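Good morning. I will take a few minutes to go through one structure, so please have the sequence and the model in view.

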Amino acid sequence: MMNYSSGPPDTGTQTTESPAVRAEGLTVVRGPRTVLRGLDFTVPRGQITGLLGPSGCGKSTLMRSIVGTQAKATGTLGVLGRPAGHPTLRTRIGYVTQAPSVYDDLTVRQNLDYFAVILAPGHAAADRRHSDVTRVIEDVDLTSHADALAGNLSGGQRSRVSLGVALLGTPELLVLDEPTVGLDPVLRRDLWNLFHDIATQRGATLLISSHVMDEAERCHRLLLMREGEILADDTPDALRTRTGAETVEAAFLHLVDEAVAAGHKKETTR
Ligand SMILES: Nc1ncnc2c1ncn2[C@@H]1O[C@H](COP(=O)(O)OP(=O)(O)OP(=O)(O)O)[C@@H](O)[C@H]1O
């Protein structure tokens with residue numbers, strides 16, 4: 001069960017400076033394991049925050065907590081000024097999981113039409129739905145496949161249909177779990193350009209997970225994770241400067257070595 005405390009009361013007068021996400025002591029237990037260990041962090045509004053770390057470090061669990069679908073999460077977790085999982089957040093957050101959620105027996109356009117009707121039902125919204133769906137198909141570069149069955153698409157194309165669904169409602173917060181896995185370099189570049197457009201032109205906040213370190217360089221801020229803990233919460237530049245490393249990847253490895261050394265030190269002084 002989700003068991004977040006709500007944090008400071010939501011006054012409905014959040015300033016643009018208040019972070020999109022604020023976590024204090026966020027802890028998640030999955031099965032016998034404590035997967036997130038008392039995390040404190042913020043995700044600033046209108047920027048791209050990258051969530052990076054090795055496979056199994058807890059990135060998806062953290063994202064599921066933010067979108068309100070993670071069981072056994074405790075601590076304080078505020079999202080867009082509400083406790084995570086609050087019903088009013090449903091239309092304000094777009095979430096794309098690693099497994100594409102598309103209907104194989106519908107075409108790309110039919111998939112998007114279906115979700116567009118859920119977001120904006122009624123005859124009066126038909127024209128808007130049509131233009132939204134066409135815009136999104138262009139955004140995710142699937143115009144030439146708009147009438148192809150989703151079941152006949154490649155893995156990367158199916159992921160882009162899922163991303164399109166999340167972009168339909170012009171959400172304030174987009175949570176994207178490894179959206180570029182399996183994509184070729186040109187598509188990855190185009191998608192990152194799209195992410196930047198969404199942040200700068202629409203003022204949306206994006207939280208994007210990846211374990212590809214070169215993608216870290218494209219983020220405004222980074223949360224670097226390891227084994228359920230946050231190793232660093234900073235800009236790519238500040239991380240490189242702080243560690244004296246040339247790349248974020250080298251900075252991350254430096255921080256891992258530091259954390260391991262600190263762990264050893266703690267063990268030997270016990
Ligand atoms: N249902 C579950 N029961 C117990 N442990 C789980 C369960 N699901 C995930 N875990 C564990 O939680 C930890 C974090 O998993 P999570 O999926 O959040 O990692 P991740 O960083 O997103 O990994 P990846 O990059 O491979 O997707 C992992 O060690 C995993 O084994």
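Predicted model: local features only at pLDDT ≥ 70, side-chain atom pairs only at ≥ 80, totals over all residues.

Now the strands under discussion. Which order do they take in the sheet? Reading across, it is β7, β8, β9, β4, β10, β11. That makes six strands in an open sheet, with mixed pairing. At the edges stand β7, residues 93–96, and β11, residues 229–234; each has a single partner strand, so one side of each is left without a neighbour in the sheet. On average, neighbouring strands here are turned by 15° against each other, if direction is ignored.

Next, a single residue, His220. You will find it in the loop between α6 (213–216) and β10 (221–226). Is His220 buried, partly exposed or exposed? The count is 15 other C-beta atoms within 10 Å. Buried would need 20 or more and exposed 12 or fewer, so a count in between is called partly exposed, and that is the class of His220.

What does His220 contact, leaving aside its neighbours within four places in sequence? The list is Gln47, Ile48, Thr49 and Thr235. For a distance in another direction, take Ser154: it is 66 residues from His220 along the chain, and their C-alpha atoms are separated by 30 Å.

Finally, the chain as a whole. It has eight helices and 11 strands. The radius of gyration is 19 Å, close to the 18 Å that the globule rule gives for 270 residues, so the chain is as compact as a globular protein of that length. Along the principal axes, the C-alpha trace spans about 70 × 45 × 35 Å. Buried residues are 40% of the 270. Of the contacts with a separation of 6 or more, 69% are between residues 24 or more positions apart.

That is the end of my part.

Terms used. Residues numbered from 1 in each chain as written. Helix = DSSP H or I, 4+ residues; strand = E, 2+ residues; numbered from the N terminus. Rg over C-alpha atoms; globule rule 2.2 N^0.38 Å. Contact = placed C-beta atoms within 7 Å. Pairing = 2+ DSSP bridges. Axes fitted to C-alpha atoms, helices over the stretch in contact; angles between N-to-C directions.
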